[in-house]
Protein chains: 4
Amino acid sequence: MRQKIGILGATGMVGQRFIQLLEHHPWFEVAWLAASDRSSGKRYGDAVRWKLDTPIPERIAAMEISPAQPEGAPQVIFAALDADIAREMEPKFAAAGCAVISNSSAFRMQADVPLVIPEVNADHLALLEQQEWRKQSGGYIVTNPNCSAIGLVLALKPLEERFGIESIFVSTMQAVSGAGYPGVASLDIMGNVVPFIKNEEEKLQEETLRLLGKLQSNLVHPLDAKITAHCNRVAVEDGHTESVSVKLKRKATREDLLAAWQEFAPLAGRDLPTAPAQPVETIEAVDRPQPRLDRMRGAGMAATVGRVRPCSLLDWKFTVLSHNTIRGAAGAALLNAELLVSLGKLNPSAVPA
Amino acid sequence: MRQKIGILGATGMVGQRFIQLLEHHPWFEVAWLAASDRSSGKRYGDAVRWKLDTPIPERIAAMEISPAQPEGAPQVIFAALDADIAREMEPKFAAAGCAVISNSSAFRMQADVPLVIPEVNADHLALLEQQEWRKQSGGYIVTNPNCSAIGLVLALKPLEERFGIESIFVSTMQAVSGAGYPGVASLDIMGNVVPFIKNEEEKLQEETLRLLGKLQSNLVHPLDAKITAHCNRVAVEDGHTESVSVKLKRKATREDLLAAWQEFAPLAGRDLPTAPAQPVETIEAVDRPQPRLDRMRGAGMAATVGRVRPCSLLDWKFTVLSHNTIRGAAGAALLNAELLVSLGKLNPSAVPA
Amino acid sequence: MRQKIGILGATGMVGQRFIQLLEHHPWFEVAWLAASDRSSGKRYGDAVRWKLDTPIPERIAAMEISPAQPEGAPQVIFAALDADIAREMEPKFAAAGCAVISNSSAFRMQADVPLVIPEVNADHLALLEQQEWRKQSGGYIVTNPNCSAIGLVLALKPLEERFGIESIFVSTMQAVSGAGYPGVASLDIMGNVVPFIKNEEEKLQEETLRLLGKLQSNLVHPLDAKITAHCNRVAVEDGHTESVSVKLKRKATREDLLAAWQEFAPLAGRDLPTAPAQPVETIEAVDRPQPRLDRMRGAGMAATVGRVRPCSLLDWKFTVLSHNTIRGAAGAALLNAELLVSLGKLNPSAVPA
Amino acid sequence: MRQKIGILGATGMVGQRFIQLLEHHPWFEVAWLAASDRSSGKRYGDAVRWKLDTPIPERIAAMEISPAQPEGAPQVIFAALDADIAREMEPKFAAAGCAVISNSSAFRMQADVPLVIPEVNADHLALLEQQEWRKQSGGYIVTNPNCSAIGLVLALKPLEERFGIESIFVSTMQAVSGAGYPGVASLDIMGNVVPFIKNEEEKLQEETLRLLGKLQSNLVHPLDAKITAHCNRVAVEDGHTESVSVKLKRKATREDLLAAWQEFAPLAGRDLPTAPAQPVETIEAVDRPQPRLDRMRGAGMAATVGRVRPCSLLDWKFTVLSHNTIRGAAGAALLNAELLVSLGKLNPSAVPA
């Protein structure tokens with residue numbers, strides 16, 4: 001008996017990834033799809049402009065798109081909405097008793113909403129018990145970070161744990177799929193770089209410090225470190241590449257860093273279906289990681305670190321890559337849901353009275 | 001009567017740019033072309049794989065390629081050779097009395113070889129009088145920087161002059177034409193990023209400090225600042241984009257920075273044909289500069305700065321863009337030659353006895 | 001004294017090309033700009049998302065966008081509107097006495113509207129005298145063909161004149177700029193081919209036969225030939241490449257074909273500023289024409305033919321390339337206007353009473 | 001017990017695909033790798049520049065590369081060599097008793113060498129018994145067609161069977177991986193089309209007719225039809241797209257064509273591991289097939305046909321797409337080998353005395 005789940009924003013790029021990743025999922029079954037009013041009532045296969053390179057599962061293509069309302073929706077909702085719509089819609093589902101596993105930025109920085117990467121700050125999930133929705137109906141909102149933050153934070157967490165982090169410089173080269181569909185116009189990006197993504201630098205900076213922060217007295221205290229981000233869009237379909245420099249609190253050798261990444265396995269033993277065996281892979285080839293070659297490591301859920309070398313300004317520099325619509329979006333939310341299951345918090349019957 | 005010049009490495013990408021830029025040049029006339037032994041003796045039009053979007057000038061196409069030896073070569077040589085070959089070849093021409101205006105990295109860091117951007121450190125040209133070749137035959141070598149350094153240094157120089165620079169972070173997104181032809185394989189860069197360019201970070205770091213350094217007692221003292229570079233290759237034909245953070249010695253407002261760039265006109269009054277009216281252009285649109293739209297500013301000779309905003313780690317961050325095979329290579333050498341003319345140092349009759 | 005002209009649809013991709021091509025035009029001066037209601041009243045520089053690699057002329061950037069109505073508009077209008085809007089708007093301007101030089105498909109196939117390429121069927125312009133608008137107010141509509149038809153027809157016309165054409169096969173590889181901005185989504189075209197462009201094959205087939213047709217008794221009799229088109233979109237910014245096979249009525253050698261193209265100069269002596277010296281250039285290199293290298297021949301107004309070789313099904317096959325937003329759109333309309341001037345039909349004072 | 005096989009040309013793009021496709025193959029086991037002399041003696045992982053997006057299997061990476069000589073090689077050899085080298089090398093292996101399953105063009109048109117697509121002309125395999133090598137040592141050479149021919153022929157075969165084919169027009173848009181690595185330079189193909197691939201049109205024309213031909217008295221009589229090909233390279237990583245027009249001998253409706261493709265299943269019942277369930281898939285969406293979305297149908301082994309519509313010159317036109325390095329190269333050879341196994345011709349013990 002798999003848990004029935006619903007997808008809000010099922011026709012968008014991240015919605016499509018949810019469907020792809022859930023197709024043979026052992027725990028979850030897609031039972032409900034919602035999208036904009038324009039699509040409501042249509043067959044999913046007719047409403048969606050499917051852009052993935054695996055076909056739409058036939059069962060899903062035949063499903064009817066429901067109105068985006070809690071009535072009739074399952075109790076577990078994956079939400080892939082634009083921030084504006086999420087801000088209005090997600091609270092309705094939480095208030096109606098749903099577990100809303102959100103990929104949107106709308107509530108990521110709200111004090112009582114967990115912003116979580118399972119390998120990084122699973123303990124922050126405790127925050128959800130503070131939510132008014134939770135107290136009233138059992139429902140809640142849990143969020144995963146921006147697609148540019150996830151790869152960075154996966155790379156930084158093992159360093160923070162072992163050596164402490166003082167400051168972070170990051171310059172991104174982000175894929176077009178991060179902007180959804182139709183998203184980036186071809187005339188803007190073919191043979192080009194766009195050195196700007198709206199609100200992205202702010203999110204990347206804030207979310208990184210919050211994810212690496214400590215939960216104390218029901219409050220997340222962001223990591224006390226300096227961070228600056230440059231965000232750029234490049235002509236890549238999938239996979240965000242990031243040039244990172246970092247200053248550590250304690251001295252570490254190159255081998256220390258590599259060991260920190262390679263031994264990082266905080267979910268070992270939990271058997272979460274979507275969790276990669278090694279969340280941070282390292283690669284020695286001098287010109288890697290590259291999005292085309294490395295984004296699918298760990299079935300798209302691993303971050304890959306390469307080019308580890310001394311930095312003449314901070315301590316170390318390296319490149320990190322992760323798949324922006326798998327690890328950086330749908331896969332991130334899915335892993336959050338799996339973690340909630342393993343903590344006994346997703347099961348509707350576990351809801352407090 | 002235009003000065004006859006020769007081009008060493010005339011069939012490569014930079015050699016082609018030299019020919020394109022010199023086609024209607026008021027001071028110089030292409031009179032001699034040399035390339036590898038394989039091409040020697042052929043018509044230029046038959047030997048070259050012309051990759052520019054303007055046609056090969058007919059007169060040039062009909063010229064015969066000479067052996068790469070000083071015999072019969074004109075006294076002014078533009079050199080567009082790979083470093084290994086330059087290391088062997090350029091001294092022969094200098095020893096034979098030629099002014100070698102080189103785009104190669106071979107001698108850039110040699111103490112008595114000027115590494116010059118005319119707007120930045122024209123005074124470093126004095127070094128050439130120290131060269132043994134100069135003393136013996138009148139010949140010399142003058143170099144321009146790496147294509148990734150030129151845009152950065154043009155952006156930094158006005159800041160260094162007015163506010164002083166303490167530290168620099170730069171992450172590049174470099175065009176494929178920087179690697180010559182055939183250069184980067186399409187399978188390596190289509191839909192991809194390669195986070196590595198051999199020796200590029202080293203050159204970018206070293207050359208930047210040397211260019212911003214002071215000439216004292218016939219020695220260049222590099223700028224006393226910290227610099228760290230991340231160099232990446234992206235799917236762009238022409239134009240290097242760089243994300244830069246900088247720490248200044250003296251406080252400056254955003255307006256101060258913009259004024260420094262906009263008022264930067266060190267060559268004003270010299271009337272050098274290839275010098276752009278404004279070496280550093282600024283742009284306010286939030287998503288600029290972009291290589292496809294901005295690389296041809298100042299006929300490919302201006303650097304464009306945009307996205308000027310505070311940096312939470314250093315003081316300011318911005319994006320700078322410049323055309324890598326015009327301002328970053330052939331145009332750079334050409335401007336060096338024009339400066340030498342205006343200083344009376346290119347004219348063979350000016351050579352000391 | 002230059003003729004004042006207006007541009008309808010001034011903010012789109014073709015509107016921008018009009019502004020770029022008209023910047024230093026000896027005969028015409030941009031005096032009026034109109035766009036959608038949303039833009040009306042704004043400074044052009046604020047309303048447009050300029051996508052060309054030369055800057056917006058400052059005078060134009062400062063102009064205010066007018067409502068898209070004939071009141072206050074100059075008597076010569078370049079129209080770059082979507083077909084639906086053109087269908088409603090262009091007649092209003094023609095009825096008000098304007099010469100509407102249109103790039104839209106709306107009226108191309110209307111019996112009394114000239115569909116003209118100056119080098120191909122200038123005599124079809126006589127049709128405009130049949131227009132009701134012309135009779136009432138002096139105004140009229142003249143159109144140029146679809147961007148995919150122009151290059152093909154330029155290549156076919158010299159063959160039709162000398163050898164007659166019986167059948168035509170064409171398969172296109174069209175640039176994204178043909179779809180306007182934002183137009184083609186990057187996720188649809190990066191590393192991809194889209195084998196479909198709405199209505200394009202129909203237009204390419206119909207327009208080609210009409211352009212090569214004969215005007216008799218105020219009616220265009222389309223060329224009596226068979227034509228079939230396959231239209232594809234590829235990852236190219238500018239320049240449509242077309243693979244063509246053709247069956248001729250009379251035997252011709254390869255040299256005959258080349259001579260037909262090279263000697264094709266129907267506008268010789270007219271001194272139209274935008275007319276290329278050689279409307280059809282031929283190129284012998286085995287792997288040309290290519291959009292990146294050849295689209296700017298004749299300042300973007302020449303079609304380039306290469307790979308001329310026997311066809312085992314029809315008689316000959318070749319590749320033709322032309323710039324889709326210059327020769328295929330704005331430049332086409334501009335050349336039509338110049339031809340009208342030279343025929344004394346654009347001058348408002350020449351309008352019949 | 002899996003059959004041990006060797007790979008000649010193991011480090012190239014097709015060699016890499018062989019390794020990828022054979023990783024979990026139920027019948028074959030990679031036991032021997034050979035490449036150029038330069039690589040011989042090295043670990044495969046050190047010698048190869050791996051360009052696929054799945055990692056090198058560890059067992060393979062650790063294997064030592066053998067000299068390219070029959071001594072010590074297994075009796076079944078997959079060959080992925082350039083034509084020049086294949087011409088010299090493959091006969092050596094055949095003479096030594098090896099079954100050489102070749103992807104090279106060297107012997108495809110030799111009278112006694114089968115050129116085979118299992119779904120199309122399996123009976124041509126009988127030719128191998130005519131080979132002198134076969135008679136002497138039991139060895140032989142079997143070839144698969146050029147990557148541009150396979151998709152076309154898969155689409156044509158069902159039509160030829162049911163309706164007969166009179167003439168064929170094909171214009172290709174081919175991926176860069178077809179040229180191997182480094183292959184196509186990025187400066188040649190980014191934002192560009194190259195309307196030429198050396199010898200490709202000849203191969204596509206000849207091989208298509210031979211594949212559709214009849215074997216009679218130990219000779220292949222090519223299909224008696226006219227065919228003309230235009231071959232173009234476009235900026236796509238993998239997947240050849242082809243615009244096709246075809247004239248049939250007998251009238252057929254659109255439904256007849258679709259049925260012919262959908263019911264085409266000549267290998268049904270053979271259970272070959274690499275054979276796709278449906279060799280020719282059809283797709284109704286108006287803008288498909290597209291390489292990015294459809295090349296992996298049937299695990300990269302299906303050809304996809306779409307845009308079926310009447311042709312005003314021949315009878316029907318359509319677009320066909322297939323993966324050029326899977327169905328068009330390594331997968332094609334692998335399927336040939338599987339067919340040989342199922343016919344009892346690959347097993348070395350079946351070799352005549």
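Colleague: How many residue pairs are in polar contact between domain 1 of chain A and domain 2 of chain A?

Modeller: In this predicted model, the count between domain 1 of chain A and domain 2 of chain A is 15 residue pairs in polar contact, both residues at pLDDT 80 or more. On the domain 1 side, the elements giving two or more residues are α1 (13-22), α5 (118-121) and α12 (326-342) of chain A. Of these, α12(A) gives the most, with seven residues. By class, that side has 19 nonpolar, ten polar and seven charged residues.

Colleague: What makes the pair Asp238(A) and Arg17(A) a salt bridge?

Modeller: The N to O distance between their side chains is 3.7 Å. The cut-off is 4 Å between a side-chain nitrogen of Lys or Arg and a carboxyl oxygen of Asp or Glu, so the pair qualifies. Across the interface of the two domains the rule finds two salt bridges.

Colleague: What area do domain 1 of chain A and domain 2 of chain A bury between them?

Modeller: They bury about 3000 Å², 65% of it on carbon and sulfur atoms. Glu119(A), Val120(A) and Asn146(A) supply 26% of the area that domain 1 buries against domain 2, more than any other three residues. The C-alpha centres of the two domains lie 24 Å apart, and 36 residues of domain 1 are in contact with 36 residues of domain 2.

Colleague: Why is Lys51(C) called buried?

Modeller: Its relative accessible area is 5%. Buried means under 20%, so Lys51(C) is buried. Lys51(C) sits in the loop between α2 (44-47) and α3 (58-61) of chain C. Leaving aside neighbours within four places in sequence, its contacts include Asp188(A), Arg292(B) and Tyr181(C).

Colleague: What makes the link from Lys51(C) to Asp188(A) a polar contact?

Modeller: The two side chains are 2.4 Å apart at that contact. The limit for a pair of N or O atoms is 3.5 Å, so the value falls within it.

Colleague: How do you know that Glu201(B) forms a salt bridge with Arg309(A)?

Modeller: Their closest N and O atoms are 2.8 Å apart. That is within the 4 Å cut-off, so the pair counts as a salt bridge. Across the interface of chain A and chain B the rule finds four salt bridges. Strand β10 (residues 226-234) of chain A gives the largest share of the side that touches chain B, eight residues.

Colleague: What area do chain A and chain B bury between them?

Modeller: About 3600 Å², with 55% of it on carbon and sulfur atoms. The contact takes 48 residues from chain A and 48 residues from chain B.

Key. Residues numbered from 1 in each chain as written. Chains lettered and ligands numbered in written order. Predicted model: local features only at pLDDT ≥ 70, side-chain atom pairs only at ≥ 80, totals over all residues. Heavy atoms only, no water. Domains from an automatic or database assignment. Contact = heavy atoms within 4.5 Å. Buried area = accessible area lost by both parts, 1.4 Å probe. Polar contact = N/O pair within 3.5 Å; in protein donor to acceptor, adjacent residues only side chain to side chain. Helix = DSSP H or I, 4+ residues; strand = E, 2+ residues; numbered from the N terminus. Nonpolar A, V, L, I, M, F, W, Y, C, P; charged D, E, K, R; others polar. Buried < 20%, exposed > 50% of the residue type's maximum accessible area, 1.4 Å probe, protein only.
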